[in-house]
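Please keep the 3D view open while you read.

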Amino acid sequence: MLKIWGRTNSVNVKKVLWAADELGLRYQRVDAGMEFGVVSTPEYRKLNPNALVPTIEDDGFVLWESHSIVRYLAAKHGAGSLWPIDPRARADAERWMDWAFTFQAAFRTVFWSLVRTPPEKRDPKAIEEARKKSADLLAIPDEALAGRQYLGGSFNMGDIPLGCHVQLWMRLPIERPAHPNLTAWFERLCTRPAFRKNVDIPLS
Ligand SMILES: N[C@@H](CCC(=O)N[C@@H](CS)C(=O)NCC(=O)O)C(=O)O
C-alpha cells in the first residue's frame with residue numbers, strides 16, 4: 001500500500017493527501033516532522049536526505065518533493081482527470097504547480113509569523129511587506145481565473161499546490177484585497193470533499 005510520511009498541518013503534505021484522496025487511493029499515513037520528529041532519524045534520511053516531509057513509498061519506489069509526488073500519483077492514477085493528457089494542458093497545469101512555490105516564497109513570512117511565532121517575536125514590518133507582496137502576486141491567478149472554473153478550465157493537478165497555499169491566505173486574519181475570481185475558485189475548492197478533509201483544516 002502507498003505510504004505517506006508527513007504531519008497533516010504541513011502545507012506540502014496537504015498537497016499529497018488531497019491528491020491521493022481526489023484519486024480515491026488507499027494509503028497509510030505516518031506522522032513525521034516538527035513535534036513528531038522522525039525526519040532526522042537515519043532510517044528516514046535514507047528515504048529523504050532533506051529531512052523534510054512529505055515522502056512517499058509506493059511498492060518500493062521512494063519519492064520526495066511534494067509537487068513531484070502529486071505529478072507521480074496523477075500520472076499513475078489520474079490520466080485524463082488530475083493528469084491532463086494533452087501536452088499543452090499538462091504544461092499549463094505544471095506551470096501553476098511551479099508558480100505555487102513563487103507564491104509560497106513571498107507568503108511564508110506571513111504564515112510563519114502569525115501562526116508559528118509568539119506575538120512578542122513577530123516583525124510587523126516584515127509581515128506587512130510579505131502580505132503586500134503576496135496580495136500583488138495573487139492578482140496573477142485572479143486574472144487567469146476570469147471566466148474559468150479552475151486554473152486549467154476543469155479541475156486538475158494544477159489547482160492542488162496553489163489551492164493549499166491560498167487556503168492559508170484565506171483563513172489568516174489579514175487584510176485581503178478583492179480578488180473576486182480567486183475567491184470564487186477558493187469557494188469552489190471548498191466544495192470538494194478531499195479539499196475539506198485534508199486542506200481546509202484549522203491553521204496550526
Ligand atoms: N520543496 C519541498 C519542501 C518540503 C518542506 O519544506 N517541508 C516542510 C513542511 S511544509 C518540513 O518538512 N519542515 C520540517 C518539519 O516538518 O519537521 C516539498 O515541496 O516537498
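**The ligand and its surroundings**

The ligand is surrounded by Arg7, Ser10, Asn12, Gly33, Met34, Leu52, Val53, Pro54, Glu65, Ser66 and Phe101, where a residue counts as near if one of its heavy atoms lies within 4 Å. This is a predicted model: local features need pLDDT of at least 70, side-chain atom pairs count only at pLDDT 80 or more, and totals for chains, interfaces and linings use all residues. Residues are numbered from 1 along each chain as its sequence is written, and side-chain values use heavy atoms, with hydrogens and water left out.

That shell divides into five nonpolar, four polar and two charged residues (Gly is counted as polar).

Now look at the polar contacts, meaning pairs of N or O atoms within 3.5 Å. A ligand oxygen is 2.6 Å from an N or O atom in the side chain of Ser66, and an oxygen of the ligand is 2.7 Å from a polar backbone atom of Met34. Glu65 places a polar side-chain atom 2.8 Å from a ligand nitrogen. Taken alone, the ligand exposes 500 Å², and the protein buries 77% of that (Shrake-Rupley areas with a 1.4 Å probe).

Next, turn to the strands, which are DSSP runs of E with at least two residues, numbered from the N terminus; two of them pair if DSSP finds at least two bridges between them. E1 (residues 2–5) pairs with E3 (residues 55–58) in the antiparallel sense over three bridges, and Trp5 stands opposite Thr55 in E3. E3 also runs antiparallel to E4 (residues 61–64), joined by four bridges, with Ile56 opposite Leu63. E3 and E4 form a hairpin with two residues between them, and Asp59 in the turn has a positive phi of about 50°.

How values were computed. Polar contact = N/O pair within 3.5 Å; in protein donor to acceptor, adjacent residues only side chain to side chain.
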